[in-house]
Amino acid sequence: MTFLSSTQAVPDTLSVPRHIAIIMDGNGRWATKRFLPRVAGHAQGVEAVRKIVEASTTRGVEYLTIFAFSSENWRRPADEVTLLMRLFMTALEREVAKMHANNIRLKIVGDLTRFDKKLQEMIAQAERKTANNKGLTLTICANYGGRWDIMQAVNKMLALHPGATTFSEDELAPHLSMAYAPEPDLFIRTGGEERISNFLLWQLAYTELFFTQTYWPDFDAKALDAAIESYQQRERRFGRTSAQLAAQVS
């Protein structure tokens, strides 16, 4: 199933966001503040992911997408990148069985070809194991970039339609890496930065944005509720007027 873009159709607006996307920022700064190595912050960040997955499930969120490793993160110090890869593998080893037991479907999107073969196989096995689960869909964006996503979709579309010179959104959409999910209703970024940093550039066109100073390791169910409460105060017009919305309700 491919969901229509919010620039093409008006999606349903629910009191609880159907899809939440998160940039988990501040792990390293959380650790530095406590005179710990940066990897300690990343390890604590994994614990925060577990808590937010659980909280999202109990609150009725259907899709949760987290930005774990961007295509720009390769620029970080080599030892930190190596530790992040090990942490990723360890998390897969420990968490996939638990996710499966809790009916969670796991998807991992991004240019996975840069990861070593063992990690690629672990990812494929995890997706296969949870493919038929019907609860929360947890997407981990790894070696992902919004521009990469659009370009790979364009290339797939061109390969499918050689010689064509014009295309529509509907023709491009099925080739985006997250065509299986509706566009995010709510975007959260922790750590105090207020930008989207090449994350889901196509999909965030009409998403409500929420920024918090809280570092990701400290982001918990209460913080998630605060973000959802902020979302619930927004008027989601999708190009319409407030008067139109009011008439629709009445």
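The paragraphs below take up the pocket, then the aromatic rings, then the strands and the loop between two of them.

This is a predicted model, in which local features need pLDDT of at least 70 and side-chain atom pairs count only at pLDDT 80 or more, while totals for chains, interfaces and linings use all residues. Residues are numbered from 1 along each chain as its sequence is written, and side-chain values use heavy atoms, with hydrogens and water left out.

The largest pocket holds about 1,100 Å³ of space. A pocket here is an open set of points, on a 1 Å grid over the protein atoms alone, where a 1.4 Å probe fits and protein lies on both sides within 12 Å along at least five of seven lines; lining residues have an atom within 4 Å of a point. The volume is the space filled by probe spheres set on the points, which are joined across faces, edges and corners. Of the 42 residues that line the largest pocket, Met24, Gly45, Val49, Ile66 and Ala68 are the closest to its centre. At least two lining residues come from each of helix 1 (27-33), helix 2 (38-58), strand 2 (63-70), helix 3 (78-101) and strand 4 (137-144), and helix 2 gives the most, with 10 residues. Helices (H or I, at least four residues) and strands (E, at least two) are DSSP runs, numbered from the N terminus. By class, the lining has 21 nonpolar, 11 polar and 10 charged residues, where Ala, Val, Leu, Ile, Met, Phe, Trp, Tyr, Cys and Pro count as nonpolar, Asp, Glu, Lys and Arg as charged, and the others, Gly among them, as polar.

The structure also holds 10 aromatic pairs, that is, rings of Phe, Tyr and Trp (its six-membered ring) whose centres lie within 6.5 Å, with planes under 30 degrees apart counted as stacked, over 60 as edge-to-face and the rest as tilted. The ring centres of Phe67 and Tyr144 are 6.0 Å apart and their planes stand at 80°, so this pair is edge-to-face. It links distant parts of the chain, since Phe67 is in strand 2 and Tyr144 in strand 4, 77 residues apart. Phe67 is buried (under 20% relative accessible area, against over 50% for exposed and in between for partly exposed, with a 1.4 Å probe and protein chains only), at 9%, and Tyr144 is buried too, at 0%. Phe69 and Trp74 also form an edge-to-face pair, because their ring centres are 5.0 Å apart and their planes stand at 80°. Phe67 and Tyr144 belong to one aromatic cluster together with Trp148, Phe187, Phe199 and Phe211. The charged end of Arg114 sits over the ring of Trp74, 4.1 Å from its centre; the term requires NZ of Lys or CZ of Arg within 6 Å of the ring centre and within 35 degrees of the ring normal.

Strand 5 (residues 186-189) and strand 6 run parallel and are joined by 4 bridges, where pairing needs at least two bridges found by DSSP. Phe187 stands opposite Leu209 in strand 6.

In the loop between strand 5 and strand 6 lies Ser197, which has a positive phi of about 50° although it is not a glycine. Leu200 is placed in the loop between strand 5 and strand 6, and its phi is positive, near 50°. Ser197 is partly exposed, at 30% relative accessibility, whereas Leu200 is buried, at 0%.
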